[in-house]
Amino acid sequence: MTVKQIAQYLLLIAASFSISSCESVDDNRVPPVRVFINLGNTGLWNTYGVSGYGNYRFFSKKDRIPNNYSYTEKEYTGFGGVLLIYGVNGPLAYDRACPNEAKQDVVLNIDKENFEAVCPKCGSRFNVCEAYGAPLSGPALDNQYGMRRVGMTPANGGWIISN
């Protein structure tokens with residue numbers, strides 16, 4: 001096992017203890033704004049989807065991200081946009097708004113070294129690949145605020161991201 005794999009394993013164990021402790025994580029702090037992104041065929045998924053651990057993509061209809069994606073009037077990207085990332089068991093999606101800040105314009109970025117979501121304002125960090133958006137550090141951990149997850153449904157060689 002490499003040092004990086006050991007560190008990831010220890011983070012997973014720590015996140016598991018955090019989630020299973022007597023305190024529960026509140027992953028409903030970000031408002032439940034509608035999400036629907038149709039990547040439900042092989043061509044769309046191969047172009048805009050993710051594959052391979054830690055591979056990620058952001059979606060925001062308001063900000064036209066990704067800039068070459070043609071949003072339809074029936075597509076929605078939640079409160080703060082959508083983070084699509086490939087975790088240990090396949091693709092996962094989250095609302096991109098920081099749950100500690102709970103503001104549309106305070107969105108999480110990805111730390112490319114360890115594939116954690118990070119808030120540029122409060123510094124909170126979240127495990128998005130292995131612990132379903134559980135807080136790892138910062139005020140979100142102190143308050144037990146987790147990221148709002150978004151559903152993933154397989155469809156025709158791709159996925160539909162929706163809540």
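The legends below describe close-up views of a predicted model.

**View 1**
Strand 8 and strand 9 run antiparallel and are joined by 3 bridges. Asn127 has Ala134 in strand 9 as its bridge partner.

**View 1. Asp111, Glu116 and Arg125 belong to a network of salt bridges.**
Arg125 forms a salt bridge with Asp111, and the closest N and O atoms of this pair are 2.4 Å apart. Arg125 is in strand 8 and Asp111 is in strand 6, so that the pair links distant parts of the chain, 14 residues apart. Arg125 also forms a salt bridge with Glu116, where the closest N and O atoms are 2.6 Å apart. Glu116 counts as buried because its relative accessibility is 7%, under the 20% limit.

**View 2. Glu101 and Lys121 form a salt bridge between two loops.**
The closest N and O atoms of Glu101 and Lys121 are 3.8 Å apart. Glu101 lies in the loop between strand 5 and strand 6, while Lys121 lies in the loop between strand 7 and strand 8. The two residues are 20 residues apart, and the pair links distant parts of the chain. Which of the two is buried and which is exposed? Glu101 counts as buried, at 16% relative accessibility, whereas Lys121 counts as exposed, at 52%. The structure holds 4 salt bridges.

**View 3. Cys122 is a buried residue in a loop.**
The loop that holds Cys122 runs between strand 7 (116-118) and strand 8 (125-127). Cys122 counts as buried because its relative accessibility is 18%, and the limit is under 20%. Leaving aside residues up to four places away in sequence, Cys122 touches Cys98, Asn100, Glu101 and Pro139. The C-alpha atoms of Cys122 and Val106 are separated by 9.4 Å, and these residues are 16 apart along the chain.

Most residues other than glycine have a negative phi, and most peptide bonds are trans. The peptide bond from Ile65 to Pro66 is cis, with omega near -5°.

**View 4. Leu83 is part of the largest nonpolar core.**
This core has 19 residues. Leu83, Ile85, Val128 and Met147 are those with the most contacts inside the core. Strand 4 (82-87) and strand 5 each supply at least two residues of this core. Not counting residues up to four places away in sequence, the residues that Leu83 touches include Tyr56, Phe58, Leu92, Tyr94, Ile110, Val128 and Met147. Apart from this core lies another, of 15 residues, among them Tyr48, Phe59, Val150 and Ile161.

**View 5. Strand 1 has a covered face and an uncovered one.**
Strand 1 spans residues 35-39. Val35, Ile37 and Leu39 make up the covered face, and Phe36 and Asn38 the uncovered one. Strand 1 pairs with strand 3 in the antiparallel sense over 2 bridges, and Phe36 stands opposite Tyr76 in strand 3. Strand 1 also runs antiparallel to strand 11 (residues 158-162), and 4 bridges join these two strands. Asn38 stands opposite Ile160 in strand 11.

Note on methods: Residues numbered from 1 in each chain as written. Predicted model: local features only at pLDDT ≥ 70, side-chain atom pairs only at ≥ 80, totals over all residues. Heavy atoms only, no water. Buried < 20%, exposed > 50% of the residue type's maximum accessible area, 1.4 Å probe, protein only. Contact = heavy atoms within 4.5 Å. Pairing = 2+ DSSP bridges. Core = buried A, V, L, I, M, F, W, Y, C linked by side-chain atoms within 4.5 Å. Salt bridge = Lys/Arg side-chain N within 4 Å of Asp/Glu carboxyl O.
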